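Please go through them with the sequence and the coordinates at hand.

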Amino acid sequence: MKTGVIGAGSWGTALAKLLAEKGIDVTLWVFEPDLCKEMKKTRENKYYLSGCSLPDGLRFTNSLEEAAEGKEIIVSVTPSHVVRQTVKKAVSHFKKGCIVVTASKGIENETLMTMSRVIEEEIPRSLNARIVALSGPSFAKDVANYLPTAVAVASGGDAESRKIQNIFSAPYFRTYTNKDILGVELGGALKNVIAIAAGISDGLGLGYSTRAALITRGLAEITRLGIKLGADPTTFMGLSGMGDLVLTCTGDLSRNRTVGIRLGRGEKLSEILSSMRMIAEGVKTTKSAYELSLRHGVEMPITEEVYKILYKNKEPKRGVGSLMKRELKSEMEGIV
């Protein structure tokens, strides 16, 4: 089962490690030439997953062609804003009938498409490729350290979902199938926006009750948008919805929560992002989510305030005040 993992960030490296340790033939594409050379020498990704030894059977390459050529499974794990251009460059090397697993969590700013839709647009129909989304509460470091983790895999067809379910399943990595690929991807992307809000709350020192309210009401607005776009509302109660939301809003390894904490403490967004090597997907996704809410007439007040803080320089304390002063409503409005 020849597999190419496209993207050697923390998550891509952890997934490549998982598959290679199962005896699967895996080639990991590393964008940075110096890092690729270092990984071949030390068998460690010192930039993105330091301290984790990578198996001898895992191959590294700086050639996108080599990573994609003839592979039965392609795992796309680049930052969401470069997924389209990366697939566009690699698609001529995709094997006919391959399965493309998208593990990137984001919504493209220009088109407001989820990653499976972006990939689908770039793959010719003649290839007969099938697309599966993998998402859920999963920090790369936890998976690399064999801590029990559960995720969802979703596609439009049962056969490819079950195949990917079996391929990725490990004693410490449990996979569940889901037929709602749109809902799974929306949950994985939008939770990053709410995680920034939760981080802002923590940075302001507002306490656990505030964080719990943000998580709960954040899930409500994610569900409202998902329903409007045609997703199954029950998906948002699952691993890629509530599960990933809770982890990203509370976990110390969450990059999006970290961005929020630093904003809440008074740092400027430009300073925060320039100091981070890894991508906080929620920053770009906030713009997409806000524009989706406007396009479809869906009320997403937390998303709106995060957007204003990130892109309109609104003071975080004022954002909290705006949320608390909103017109009183029914808790389940727009959900049931």
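1. Glutamate 267 has a relative accessible area of 30% and counts as partly exposed. Its side chain meets that of arginine 262 in a salt bridge, with an N to O distance of 2.9 Å. Please note that the model is a predicted one.

2. The salt bridges in the model number 18. One of these joins arginine 84 and glutamate 121, at 3.0 Å from N to O. Arginine 84 belongs to helix α4 (residues 83–90) and glutamate 121 to helix α5, so the pair ties together parts that are 37 residues apart in sequence. Arginine 84 is buried, at 16% relative accessible area, whereas glutamate 121 is partly exposed, at 48%. Through shared partners, salt bridges link Arg84, Lys88, Glu108, Glu121 and Glu122 into one network.

3. A further salt bridge is formed by aspartate 252 and arginine 257, whose closest N and O atoms are 3.1 Å apart. Aspartate 252 is exposed, with a relative accessibility of 67%; arginine 257 is buried, with a value of 9%.

4. Beyond its neighbours within four places in sequence, glutamate 221 is in contact with Ile194, Glu299, Met300, Pro301, Ile302 and Thr303.

5. The sheet is open and has eight strands in the order β3-β2-β1-β4-β5-β6-β7-β8, with mixed pairing. At its edges stand β3 (59–61) and β8 (173–178); each has a single partner strand, so one side of each lacks a neighbour in the sheet. From one strand to the next, the twist averages 25°. Strands β1 (residues 3–6) and β2 (residues 26–29) are paired in the parallel sense over four bridges. Threonine 3 has valine 26 of β2 as its bridge partner, and valine 5 stands opposite leucine 28 of β2. In a regular strand, side chains alternate between the two faces of the sheet. Strand β1 is covered on both faces, with Thr3 and Val5 buried on one side and Gly4 and Ile6 buried on the other.

6. Helix α5 (residues 115–122) lies across β4 (73–76), β5 (99–102) and β6 (130–135), and runs at about 145° to β5. Helix α10 (residues 239–250) lies across β6, β7 (149–155) and β8, at about 145° to β7.

7. The axes of α9 and α10 come within 11 Å and cross at roughly 145°, in a right-handed crossing. Arg211, Ile215, Leu219 and Ile222 of α9 make this contact with Met242, Leu245, Val246, Cys249 and Thr250 of α10. Helices α8 (residues 181–203) and α11 (residues 255–264) pack at about 40°, with axes 6 Å apart; their crossing is right-handed.

8. Tyrosine 172 is found in the loop between α7 (158–168) and β8. Is this residue buried or exposed? Tyrosine 172 is buried, with a relative accessible area of 13%. Its C-alpha lies 6.0 Å from that of leucine 147, at a separation of 25 residues in sequence. Apart from neighbours within four places in sequence, the contacts of tyrosine 172 are Leu18, Glu21, Val143, Tyr146, Leu147, Pro148 and Thr149.

9. Leucine 112, in the loop between β5 and α5, has a positive phi near 60° although it is not a glycine. Leucine 112 is buried, at 11% relative accessible area. Asparagine 313 likewise has a positive phi, of about 60°, and is located in the loop between α14 (301–311) and α15 (316–324). Asparagine 313, however, is exposed, at 65%.

Notes: Residues are numbered from 1 along each chain as its sequence is written. This is a predicted model: local features need pLDDT of at least 70, side-chain atom pairs count only at pLDDT 80 or more; totals for chains, interfaces and linings use all residues. Side-chain values use heavy atoms; hydrogens and water are left out. Contact means heavy atoms within 4.5 Å. Two strands pair if DSSP finds at least two bridges between them. Helices (H or I, at least four residues) and strands (E, at least two) are DSSP runs, numbered from the N terminus. Axes are lines fitted to C-alpha atoms, for helices over the stretch in contact, and angles run from 0 to 180 degrees between N-to-C directions. A crossing is left-handed if the near helix is turned anticlockwise from the far one by less than a right angle, and right-handed if clockwise. Buried means under 20% relative accessible area, exposed over 50%, partly exposed in between (1.4 Å probe, protein chains only). A salt bridge is a side-chain nitrogen of Lys or Arg within 4 Å of a carboxyl oxygen of Asp or Glu.
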